[in-house]
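I am opening a notebook on this structure. The entries below record what I looked up, item by item.

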Amino acid sequence: GYTPWPVDGNALVLEYNRLFRTHVESPEGGVFYIGRDWAARGSSIRFNFIHHVEDSREGCGSATRFVHLDDSAPEIEIHGNVCYRLGGGVSICGGAANHVHDNLFIECHWGVDIGPRGQDMFQSDGQGGYRRTEAGWPTLATLLERYKWNQPPYSTRYPRLVEIFMKDPIAAPWFNVVTRNAMVDCGFGIRQMGMQPGWSTVEDNWELDDPGFVDPDRTRLDFRLREDGPLRGRGFQPIPFSRIGLFASPERRSWPVVCELPAPDWRPRWMHLRDAASQ
């Protein structure tokens, strides 16, 4: 499968999930995935623990990641998540008004990656509307018109959607905010490719060796942060780590639920390639 959790709709909240060993046969995708719909916005992906996800298959130039905001996916808030040993964290592929903050990326290939995919798809008509170019993805315009994006409730609930049509270029990654994310022993921190000044705000993100985990042995998968640790000292928002994952319920067939976790020495492909290159 391409992704275990496609996000399709508005104002959804995806929280407190623990997911691991997804994408065992996929060369590309996201544990959470959304794309090619400018009308699907306003959702929140928060307080999830994602770990041990392979980053790519041999011979594939693409990768898997925690959240794949593919093909101009807009206005998603991603915060308070913990990612451990993944290919990548969050990809913003040309979308606008996404807010990625206070996430913890540990031993991932990269933390957040942002670029201007699809910026030539539309041209402004100068009156708050648009003309689609030959390069435009048809679904973006079709869904905008279906949901009457420039009329209430869309125009009032999502003012950034209306405002973007007065911008030039329309489909550039406007209004994104990427801030206060922590990368711990990652291959890269924040990757910006082809971005222009004024499009988005990317600031106050940190690359650390020791953020102050309660348990310094990361293979035990306890990523609570000490109150006196260096990351909390920078004002990093606390993550309710103990609430993430399965919980006791009378509706369950059995409790506790026993799951087979990857071996402590399991690592994604990017780490094996890094180590091989250093020899």
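I am working with a predicted model, where local features need pLDDT of at least 70, side-chain atom pairs count only at pLDDT 80 or more, and totals for chains, interfaces and linings use all residues. Residues are numbered from 1 along each chain as its sequence is written, and side-chain values use heavy atoms, with hydrogens and water left out.

Sheet. I looked up the strand order and found an open sheet of 6 strands, β3-β6-β9-β12-β17-β20, with parallel pairing. Strands are DSSP runs of E with at least two residues, and helices are runs of H or I with at least four, numbered from the N terminus. Two strands count as paired if DSSP finds at least two bridges between them. β3 (18-20) and β20 (206-208) are at the edges with a single partner strand each, so one side of each has no neighbour in the sheet. I then checked β3 against β6 (residues 49-51): they pair in the parallel sense over 3 bridges. F20 has H51 in β6 as its bridge partner.

Helix. In α1 (residues 138-146) I noted L140, A141, L143 and L144 as the buried residues; buried means under 20% relative accessible area (1.4 Å probe, protein chains only). They pack against β14 (122-124), β15 (130-132) and α3 (159-163), contact being heavy atoms within 4.5 Å.

Residue. I looked up F122, which lies in strand β14. F122 is buried at a relative accessible area of 3%. Among the residues F122 touches, leaving out those up to four places away in sequence, are L140 and A141.

Key
Buried means under 20% relative accessible area, exposed over 50%, partly exposed in between (1.4 Å probe, protein chains only).
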